[in-house]
Amino acid sequence: MGSMMRKKHLFIGIGVFWLLVLVLFIGMKEFTLRTGTEVVLHTLPIDPYDIFRGDYVTFKYEISELEIVGPASFAVGDTVYVGLTLDGKEIVAIGSPTLVRPSSIFIKGTVEEIWDNFLIIRYGIEDYFVPEGKGYDIETADGEIDVLVAIDRFGNAGIKEIYEDGNRIRF
């Protein structure tokens, strides 16, 4: 009987552990969206469809490909920080990628690729799931697509809204 109780407690413990992991993950994203500084990022959308994942849009941002300035040495997989200068929610200047956290507002990313003197950076806000059939609408939009993101004080970003020519896209 004792062995059966231990297995039951182990099973419950594992379930509680995964529930806590899920709550922590959701809580971190919610923290970013609620407390982060709102920034508008300009994009070049790409619309993939994955039979297992459904309809989603992949965004390539203007800040996704940045030139290396200075003597810094980067490697694929490095965490990088990109300083942003804002006028309201609009980016007016983009700093060079750095391995050191800036003191002003910044976005944190990971070096995905290096070629010539440029870094390809992922920020964790490239894929956005949309209702079935809406991904193609965004990809073929005639207007400029912008994404409103929230960036928390740690540089983590989360997508809040998507705009076409300044008008919020509603799903």
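Which residue takes a positive phi in the hairpin of β10 and β11? In this predicted model, the residue is Gly155, with a phi near 90°. Five residues lie between the two strands of the hairpin.

The strands themselves run antiparallel. Strand β10 spans residues 145–151, and β11 covers residues 157–164. Seven bridges join them.

Strand β10 is mostly covered, with seven of its seven residues buried. Burial holds on both faces of the strand. Ile145, Val147, Val149 and Ile151 point one way. Asp146, Leu148 and Ala150 point the other way.

The surface carries a patch of negative charge. Its members are Glu62, Asp87, Glu90, Asp142, Glu144 and Asp165. Glu62 sits in the loop that connects β3 (54–61) and β4 (65–67). Its relative accessibility is 53%. The cut-off for exposed is over 50%, so Glu62 counts as exposed.

A nonpolar patch is also found on the surface. Leu10, Ile14, Phe17, Trp18 and Val21 form this patch. Together they have about 520 Å² of accessible area. Trp18 belongs to helix α1, which comprises residues 2–35. Trp18 counts as exposed because its relative accessibility is 53%.

How values were computed: Residues are numbered from 1 along each chain as its sequence is written. This is a predicted model: local features need pLDDT of at least 70, side-chain atom pairs count only at pLDDT 80 or more; totals for chains, interfaces and linings use all residues. Side-chain values use heavy atoms; hydrogens and water are left out. Patches are made of residues with over 30% relative accessible area and no salt bridge: like charges are joined within 9 Å, nonpolar side chains (Val, Leu, Ile, Met, Phe, Trp, Tyr) within 5 Å. Accessible areas come from the Shrake-Rupley method with a 1.4 Å probe; for residues, only the protein chains shown count as cover. A salt bridge is a side-chain nitrogen of Lys or Arg within 4 Å of a carboxyl oxygen of Asp or Glu. Lys and Arg count as positive and Asp and Glu as negative; His and the chain ends are not counted. The place of a charge is taken as NZ of Lys, CZ of Arg, CG of Asp or CD of Glu. Helices (H or I, at least four residues) and strands (E, at least two) are DSSP runs, numbered from the N terminus. Buried means under 20% relative accessible area, exposed over 50%, partly exposed in between (1.4 Å probe, protein chains only). Two strands pair if DSSP finds at least two bridges between them.
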